[in-house]
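Colleague: I am new to this one. Could you walk me through how to read it?

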Amino acid sequence: MQQVIDMMNQNERLLYEKWENSVESPQSIDSDEKQKLFNMIFSIISRPDEKSADYLREWYERYIKQDDSLTYLVKSIQQFRRSIIELALSDKKSAIMVNDLYESVDKWFDPIIADLVTSCSNSWNTEFRKQQHIVKELTAPMIPISKSICILPLIGNINDDRAEVIKENLLIGARHYKCNHIFIDITGVPVVDTFVANHLIQAAEAVQLLGASCIIVGIRPEIAQTLINTGISIDNIQTFSNLHTGIQYVTKNDQKEQRP
């Protein structure tokens, strides 16, 4: 192994040229950054320590989210491995045994690849969880418009997964905002069938168990007809044709209750 390191130290410039000419870098990585990458990989192999590995990890974490960066990193590491092997085998005077050469190269580069894969995986998982959280919020955002009133506007079709998110956001919003009235606005929901209606009513009833009134607004004539035809009971849930009418109603009622 030391013989391979000695060979690398003696031919560092040649090794860099063989490596640099074989890997095309993306626009985000200029010649200085490419030299830094080479130096860090070289340092990990020839002078292994924790700081060298940390520097490399920090380097590729800066670029991992940019287009083509992962492809470039993998190709760079693979080409570095090939360049060392090619350089060693091309030296007829070298006393390095082929088996020792390949064993040394594998011991150096396998951990680097493994660390790169782990870092990428962790980065993507973190980003995926963030995106999931954003999607959940956008799927059913709770919007406070006063101390006592919140609105949850729904747009688009509702499936099983989204229905669960709606229910979850309703309950979390009711606890967080401590509002008296929550309006579920279904004006933007194109189809309200038996499945959707049942989920909305279950969500509204769950909120009422927390002490807030849940009102469904945006009821169109065809939705009312669907509810009647399917026999779905909404006796415990207030409904209005639009948000404005619903807010007017609860505001007047609240004012009456506040009067001595």
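Colleague: How many residues lie between S1 and S2 in their hairpin?

Modeller: Some ground rules come first. This is a predicted model, where local features need pLDDT of at least 70 and side-chain atom pairs count only at pLDDT 80 or more, while totals for chains, interfaces and linings use all residues. Residues are numbered from 1 along each chain as its sequence is written, and side-chain values use heavy atoms, with hydrogens and water left out. Helices (H or I, at least four residues) and strands (E, at least two) are DSSP runs, numbered from the N terminus. Two strands pair if DSSP finds at least two bridges between them. Now your case: four residues lie between S1 and S2 in the hairpin. Strand S1 covers residues 143-144, and its pairing with S2 is antiparallel, over two bridges. Ile143 has Ile151 of S2 as its bridge partner.

Colleague: Which strand does S2 join in parallel, and over how many bridges?

Modeller: Strand S3, residues 181-188, over six bridges. Leu152 is paired with Ile184 of S3. Between S2 and S3 the chain passes through helix H7 (residues 160-177), in a right-handed β-α-β crossover. Right-handed has a viewing rule: with the strands pointing away from the viewer, the path from the first strand over the helix to the second runs clockwise.

Colleague: In what order do the strands of the sheet stand?

Modeller: The order is S1-S2-S3-S4-S5, in an open sheet of five strands with mixed pairing. S1 and strand S5 (238-240) are at the edges with a single partner strand each, so one side of each has no neighbour in the sheet. S3 also runs parallel to strand S4 (residues 213-217), joined by five bridges. There, His181 is opposite Ser213 of S4.

Colleague: Is S2 mostly covered or mostly open?

Modeller: Burial has cut-offs. Buried means under 20% relative accessible area, exposed over 50%, partly exposed in between (1.4 Å probe, protein chains only). Strand S2, residues 149-155, is mostly covered, with five of its seven residues buried. As for side chains, in a regular strand they alternate between the two faces of the sheet.

Colleague: Which residues does Ile77 touch?

Modeller: Contact means heavy atoms within 4.5 Å. Ile77 touches Ile41, Phe109, Ile112, Ile113 and Leu116, leaving aside residues up to four places away in sequence. Ile77 belongs to helix H5. Ile77 counts as buried because its relative accessibility is 5%.

Colleague: Is Glu33 buried or exposed?

Modeller: Glu33 is buried, because its relative accessible area is 10%. Glu33 sits in helix H3 (residues 31-46). Its contacts are Trp59, Arg62 and Tyr63, again without residues up to four places away in sequence.

Colleague: What is the phi of Lys178?

Modeller: Positive, at about 50°, although Lys178 is not a glycine. Lys178 lies in the loop between H7 and S3. Lys178 counts as exposed because its relative accessibility is 65%.

Colleague: Which residues form the nonpolar patch on the surface?

Modeller: A patch takes residues with over 30% relative accessible area and no salt bridge; like charges are joined within 9 Å, nonpolar side chains (Val, Leu, Ile, Met, Phe, Trp, Tyr) within 5 Å. A salt bridge is a side-chain nitrogen of Lys or Arg within 4 Å of a carboxyl oxygen of Asp or Glu. Areas come from the Shrake-Rupley method with a 1.4 Å probe; for residues, only the protein chains shown count as cover. Here the patch is Leu89, Val98 and Tyr102, with about 270 Å² of accessible area together. Leu89 lies in helix H5 (residues 69-90), and is partly exposed at 48% relative accessible area.
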